[in-house]
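Subject: Structure for you to look at

Hello,

Here is the structure I promised to send. Please open it and read my notes alongside.

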Amino acid sequence: MAKRLTCDVVVVGAGMTGAACALYAARAGLDVVLVDRGPVAGGTTGAGEGNLLVSDKGPGPELALALLSARLWSDLAHEDGESYEYEPKGGVVVATTPEDVTALTGFAAGQRAAGVTAVPVDADRLADLEPHLARGLAGAVHYPQDAQVMPALAAARLVRASGARLCTGWTVTGVLRTAGGAVRGVRTDRGEVHAPAVVNAAGTWGGDLARLAGVRLPVLPRRGFVLVTEPLPRLVRHKVYAADYVTDVASDSAALQTSPVVEGTAAGPVLIGASRERVGFDRSFSLPVVRALAAGATRLFPFLQRVRAMRTYLGFRPYLPDHLPAIGPDARVPGLLHACGHEGAGIGLATGTGHLIAQALTGTPTELDLAPFRPERFTTNGVNGENTA
């Protein structure tokens with residue numbers, strides 16, 4: 001028999017962002033139902049590295065969101081850091097040439113003006129931060145605010161802490177609308193969930209959920225691989241990446257891009273990235289990509305040439321064309337809110353996003369201006385047809 005649930009808000013998507021939306025909405029006093037067709041962290045979150053970064057973001061709305069999120073992650077960690085495997089290890093962005101150093105330090109200066117702690121590191125002091133880093137690098141910038149969580153564990157912890165009713169294995173097949181066009185819940189293959197508000201936290205599939213509500217949100221999948229080594233002593237202390245990683249993150253290219261990103265974990269394995277390419281939802285293994293990741297990592301840390309790779313995995317980052325997520329109410333459909341399109345930064349930005357969504361749901365002035373994140377910014381006139389479901 002089909003079920004029917006009633007609540008204040010239904011959050012669609014039990015990845016990190018949906019979990020954070022559920023947590024902060026519940027803390028704001030709302031009755032929350034969290035729906036996902038798969039398990040908690042079964043999509044992009046479970047294929048992520050758990051990065052909480054400010055280092056890769058220039059001044060602007062995304063950096064403001066990252067700084068808010070970093071503060072909230074720190075607050076959660078002080079509540080119970082072990083539940084998240086929260087590790088404030090910091091990041092080190094390295095430059096290979098004097099020209100790269102000039103560009104990197106200029107970028108860091110703009111970040112400092114926006115509230116980021118960014119400390120230039122001369123070439124002869126790099127070994128103090130990372131003793132096993134390759135010699136001959138031109139310099140770096142140290143970002144103490146960068147941190148990491150274990151993503152699947154952290155998402156599950158946020159869901160448990162929220163107290164939300166969790167409905168995994170429920171596939172949303174429609175967005176219910178009133179005669180006046182406002183949201184009144186969702187239809188799933190297991191029954192209906194009635195609520196005056198629906199939060200689209202469906203990640204890479206956020207565009208599909210938006211279509212069910214009759215609006216356009218151009219979320220595209222951007223595939224990335226991660227290489228995992230055998231467990232090691234802690235030989236890589238920070239998240240370490242080359243300066244061109246920032247350029248790759250901001251690129252609009254659909255073609256393959258790789259830039260070395262290396263970090264140790266509390267459990268021992270070293271995680272190696274990063275690749276980006278738009279190939280739809282193709283889950284095929286790509287040996288050339290993995291070889292490129294390994295080559296880039298060994299350029300930064302030569303000792304990795306002697307280390308065995310144990311496995312590789314891939315995920316799909318939810319990409320929006322202007323590299324900003326969609327956060328907040330959708331002016332085209334009363335009661336519909338979006339919290340998706342964070343690309344590879346969703347784990348780090350989840351807490352700030354959830355906090356802002358909860359403020360929007362309760363009519364509280366939002367801590368950040370949501371205008372840069374407005375979901376309808378991709379339509380020419382700001383209005384689409386509104387089909388009832």
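Helices (H or I, at least four residues) and strands (E, at least two) are DSSP runs, numbered from the N terminus. Alanine 274 is found in strand β17 (residues 270-276). A cis peptide bond joins glycine 273 to alanine 274, with omega at about 0°.

Some ground rules. This is a predicted model, in which local features need pLDDT of at least 70, side-chain atom pairs count only at pLDDT 80 or more, and totals for chains, interfaces and linings use all residues. Residues are numbered from 1 along each chain as its sequence is written, and side-chain values use heavy atoms, with hydrogens and water left out.

Helix packing

Helix α2 (residues 61-80) packs against helix α9 (residues 346-361) at about 90°, with the axes 7 Å apart. Axes are lines fitted to C-alpha atoms, for helices over the stretch in contact, and angles run from 0 to 180 degrees between N-to-C directions. That makes α2 roughly perpendicular to α9 (under 35 degrees is roughly parallel, over 145 roughly antiparallel, 65 to 115 roughly perpendicular, the rest oblique). Residues in the contact (heavy atoms within 4.5 Å) include Leu65, Leu72 and Trp73 of α2, and Ile347, Leu349 and His355 of α9.

Proline 61 is also found in helix α2. Proline 61 touches Leu324, Pro372 and Phe373, not counting residues up to four places away in sequence. At 31% relative accessibility, proline 61 is partly exposed (buried is under 20% relative accessible area, exposed over 50%, partly exposed in between; 1.4 Å probe, protein chains only).

Aromatic rings

The structure holds five aromatic pairs. Rings of Phe, Tyr and Trp (its six-membered ring) pair if their centres lie within 6.5 Å; planes under 30 degrees apart are stacked, over 60 edge-to-face, the rest tilted. The rings of tryptophan 73 and tyrosine 84 have centres 5.9 Å apart and planes at 80°, so this pair is edge-to-face. Tryptophan 73 lies in α2 and tyrosine 84 in the loop between α2 and β5 (91-95), so the pair ties together parts 11 residues apart in sequence. Both residues are buried.

Trp205, Phe281 and Phe316 form one aromatic cluster. The charged end of arginine 37 sits over the ring of tryptophan 205, 4.8 Å from its centre (NZ of Lys or CZ of Arg within 6 Å of the ring centre and within 35 degrees of the ring normal).

Positive phi

Glutamate 85, in the loop between α2 and β5, has a phi near 50°. Histidine 323 has a positive phi of about 65° although it is not a glycine.

Best wishes
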